[in-house]
Amino acid sequence: MANFDDTLQRARLAFSSGKTRNVSFRRKQLENLLRCYEEHENEIISALEADLRRPKQESLIVETEFMKNDIRHILFQLDEWVQSEKPPKSFVNMMDDVQIYNDPFGVVLVIGAWNYPLQLLLVPVASAIAAGNCVVIKPSEIAANCAKFIADVIPKYLDNDCYPVVCGGPSETAELLNQRFDYIFYTGSTRVGKIIHAAANKYLTPTTLELGGKSPCYIDKSVDMRTAVKRILWGKLINCGQTCIAPDYILCSKEVQEKFIVEAKDVLKEWYGENIQSSPDLSRVINANNFQRLLGLMKSGRVAVGGNYDASERFIEPTILVDVKETDPIMEEEIFGPILPIFNVESAYDAIKFINAREKPLVIYVFSNSNKLVKEFRRSTTSGGFSSNETIMHCGVDVLPFGGVGMSGMGRYHGKYGFETFTHKKSCLGKDLSPLGEKLSSARYPPYSDRKGSLLSFLLRKRRPLPNLHLSHVLAIGLGVGLTVLTNYYLQKSSTD
């Protein structure tokens, strides 16, 4: 435990030295991290297979390639992102220097999750590095093989003072949260997210919480059912359903439900064969605790597809439940497994009403050929993200922010949004001490008068921006000269009154 003090002290001294503010240093660290992914890809895939029995193709798509492309995107854009922003200036600040400076927070803590143990930890780490912070990296102890890889390998590629790795379980995490950080980024359950947020309140530390929840999927009768089933089941079953943005439950009519079940049986046979348990393409539940929790949830409703399991392998067959009630446990907690309940609604209006009566989900999925209906769902519901006629894939669009709202999280990241998450936008106003500027602003000084108040009201009045930049400069100079004369007149008149 005492080492946490030393670790934080080294990180603070490293940040105070200013080296992480150097963009070339940041770029070099990101290049090293990219090289780490490329040189150790097979080890990463082996660690994921050991923890989750994750198929290689899934690990490539959702972990290694995702992380590589994330860093490439940052490296391509970093020089632009770090530049100060120069927002449009109002009339009263026409002659001033107005900038928004991208300031790193300092020493930040990033806590990863076990379901995507590398991506969900190292993608925000890369964003924090890009923004110029020092980062304490905390992998999830539940994915033990991936945590060991991070602890053993990452320090060989990153500056150890600026980016230390800290391992351990709940007690170590609790002790870590007693330390003072400048920002905390956490990915995981809503239950633990509340604990993180409470700990952050001690020092008013800003936080990003990437949580979960129950993401609904509405299907109407207009869809091509075969395509819809494939996209929904793929989103549900990748990583054995242990995905925060997996479709958690389906809302549809009885008629659509029957068609969905028929197609689902055929698709599952096509993907995994007659004996699903022997297929190499389905991951396993992470541990015995989660396995037993999922078996309890399977008691809700009636099994329409699947239902088999094997505790010795932590295997649960892809399972579809029907006749579930909204008060059943499976409809009240995030599933995080290969179980898909169907809750019947009579119309899209009923589905929207059902969604809005619950906590805001991380994502809402709508499958329909009606653009009007899709727009109605998007307009009438609130969620972290929204996707029509697809699942999961919105997460991979690097120009879109990813994050929750309400109980599904707070804050956002990915691409530029990740850089901005770990960046304090510092407002900067620069003036000179020239006589002209002083004359223009001297009406603010006592003794006050109605004439001075009228002049200030005129100067501060909000006006439409001038369309041409060069013309605005000319006008600003002309107005400056005119206002100087006007100011002198009012001030002289005030002194004689």
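Predicted model: local features only at pLDDT ≥ 70, side-chain atom pairs only at ≥ 80, totals over all residues.

Me: Are α3 and α6 roughly parallel or antiparallel to each other?

Reply: Angles over 145 degrees count as roughly antiparallel. Helix α3 (residues 41–52) and helix α6 (residues 144–153) pack at about 150°, their axes being 7 Å apart. The two helices, α3 and α6, are therefore roughly antiparallel to each other.

Me: Which residues in α3 and α6 meet?

Reply: On the side of α3, the residues are Glu43, Ile44, Ala47, Leu48, Ala50 and Asp51. They meet Ala144, Asn145, Cys146, Phe149 and Val153 in α6. By class, this contact of α3 with α6 has 8 nonpolar, 1 polar and 2 charged residues.

Me: How should I read salt bridges, and how many are found in the whole structure?

Reply: Side chains of opposite charge can pair when their charged atoms come close. Here, a search of the whole structure finds 30 salt bridges. In one of them, the side chains of Glu41 and Lys68 meet with an N to O distance of 2.5 Å. This pair links distant parts of the chain, with Glu41 in helix α3 and Lys68 in helix α4 (residues 56–81), 27 residues apart.

Me: Are Glu41 and Lys68 buried or exposed?

Reply: Burial is read from relative accessible area, with under 20% counting as buried. Both residues of this pair, Glu41 and Lys68, are buried.

Me: Where in the chain do Glu263 and Arg226, which also form a salt bridge, lie?

Reply: Glu263 is in helix α10 (residues 254–272) and Arg226 in helix α9 (residues 225–237); the pair, 37 residues apart, links distant parts of the chain. Their side chains meet at 3.0 Å, N to O. Glu263 has 22% relative accessibility and so counts as partly exposed. Arg226 also counts as partly exposed, because its relative accessibility is 24%.

Me: Which residues are linked with Arg226 and Glu263 in a network of salt bridges?

Reply: The network links Arg226 and Glu263 with Lys230, Asp266 and Glu270.

Me: How many residues apart are Glu255 and Lys259 in helix α10?

Reply: Both lie in helix α10, 4 residues apart, which is about one turn of the helix. Glu255 forms a salt bridge with Lys259, the closest N and O atoms being 3.6 Å apart. Glu255 is partly exposed at a relative accessible area of 44%, and Lys259 is partly exposed with a relative accessible area of 44%.

Me: What share of the contacts in the protein chain with a separation of 6 or more comes from residues 24 or more positions apart?

Reply: Such residues account for 72% of those contacts. The secondary structure of the chain comes to 17 helices and 16 strands. Of the 497 residues in the protein chain, 49% are buried.

Me: What are the overall dimensions of the box filled by the C-alpha atoms?

Reply: Taken along the principal axes, the box is roughly 100 × 55 × 40 Å. The accessible surface of the protein chain comes to about 23,300 Å², and 53% of that surface belongs to carbon and sulfur atoms.

How values were computed:
Residues numbered from 1 in each chain as written. Heavy atoms only, no water. Axes fitted to C-alpha atoms, helices over the stretch in contact; angles between N-to-C directions. Parallel < 35°, antiparallel > 145°, perpendicular 65-115°, else oblique. Contact = heavy atoms within 4.5 Å. Nonpolar A, V, L, I, M, F, W, Y, C, P; charged D, E, K, R; others polar. Buried < 20%, exposed > 50% of the residue type's maximum accessible area, 1.4 Å probe, protein only. Areas by Shrake-Rupley, 256 points an atom, 1.4 Å probe, with all protein chains shown as cover. Salt bridge = Lys/Arg side-chain N within 4 Å of Asp/Glu carboxyl O.
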